[in-house]
Amino acid sequence: MLKIGDLVVYETSGVCRIENCLHPEFVEENQDLYYVLKPLFQDGLVYTPVNTKAYMRPVISAEEADRLIDTIPYLHVEAYHCQRVNQLNEYYKLFLQRHDCLSLMQMTISLYNKKTRYDVKEIKIRPN
């Protein structure tokens with residue numbers, strides 16, 4: 001079980017801080033505990049059962065992020081080409097449904113390779 005103060009990635013709300021774990025007033029007393037999530041990049045609160053089926057995972061550590069970044073030069077992901085939009089949509093949806101950082105990096109590289117192949121002039125890398 002996660003604890004108050006933990007950072008999590010929750011569904012489409014993005015990164016959230018667990019503010020509380022309680023039985024909200026809007027559910028019966030014998031019902032599940034709920035996490036109260038505060039999204040870091042938008043207003044409001046999210047209430048979700050502790051045993052939710054919604055996608056939620058802890059934020060990765062800095063060390064894990066560094067390891068993932070170190071793998072980028074070794075990832076060889078081809079651009080995906082398809083004439084049918086629904087097939088293209090399904091291909092990229094599979095990456096998103098995995099919810100893991102490596103799959104998201106592979107999808108990004110695939111899209112980047114596709115973009116650079118057809119439109120190199122539009123991609124501009126700006127220094128920090």
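In this predicted model, Tyr-91 is partly exposed, with a relative accessible area of 23%, whereas Phe-95 is buried, its relative accessible area being 7%. Both residues belong to helix H2 (residues 85-98), in which they lie four residues apart, about one turn of the helix. A search of the whole structure finds seven aromatic pairs. The ring centres of Tyr-91 and Phe-95 are 5.2 Å apart and their planes stand at 80°, so this pair is edge-to-face. Tyr-91 and Phe-95 also form one aromatic cluster together with Tyr-80 and Tyr-92, and Arg-98 lies over the face of Phe-95, at 5.1 Å from the ring centre.

Five strands form an open sheet with antiparallel pairing, in the order S4-S3-S2-S1-S5. Strand S4 (46-49) and strand S5 (56-58) are its edge strands, each pairing on one side only, and neighbouring strands of the sheet are turned by 40° against each other on average, direction ignored. The antiparallel pairing of S2 and S3 extends over six bridges, and Asn-20 stands opposite Val-36 in S3.

The largest nonpolar core consists of eight residues, namely Val-8, Tyr-10, Cys-16, Ile-18, Tyr-35, Leu-37, Val-46 and Met-56. Two or more residues of this core are given by each of strand S1 (7-10), strand S2 (14-22) and strand S3 (34-39). When residues up to four places away in sequence are not counted, Ile-18 touches, among others, Val-8, Tyr-35 and Leu-37, as well as Leu-2 and Ile-4.

Key. Residues are numbered from 1 along each chain as its sequence is written. This is a predicted model: local features need pLDDT of at least 70, side-chain atom pairs count only at pLDDT 80 or more; totals for chains, interfaces and linings use all residues. Side-chain values use heavy atoms; hydrogens and water are left out. A nonpolar core is a set of buried Ala, Val, Leu, Ile, Met, Phe, Trp, Tyr and Cys residues joined through side-chain atoms within 4.5 Å. Buried means under 20% relative accessible area, exposed over 50%, partly exposed in between (1.4 Å probe, protein chains only). Contact means heavy atoms within 4.5 Å. Two strands pair if DSSP finds at least two bridges between them. Axes are lines fitted to C-alpha atoms, for helices over the stretch in contact, and angles run from 0 to 180 degrees between N-to-C directions. Rings of Phe, Tyr and Trp (its six-membered ring) pair if their centres lie within 6.5 Å; planes under 30 degrees apart count as stacked, over 60 as edge-to-face and the rest as tilted. A charge sits over a ring if NZ of Lys or CZ of Arg is within 6 Å of the ring centre and within 35 degrees of the ring normal.
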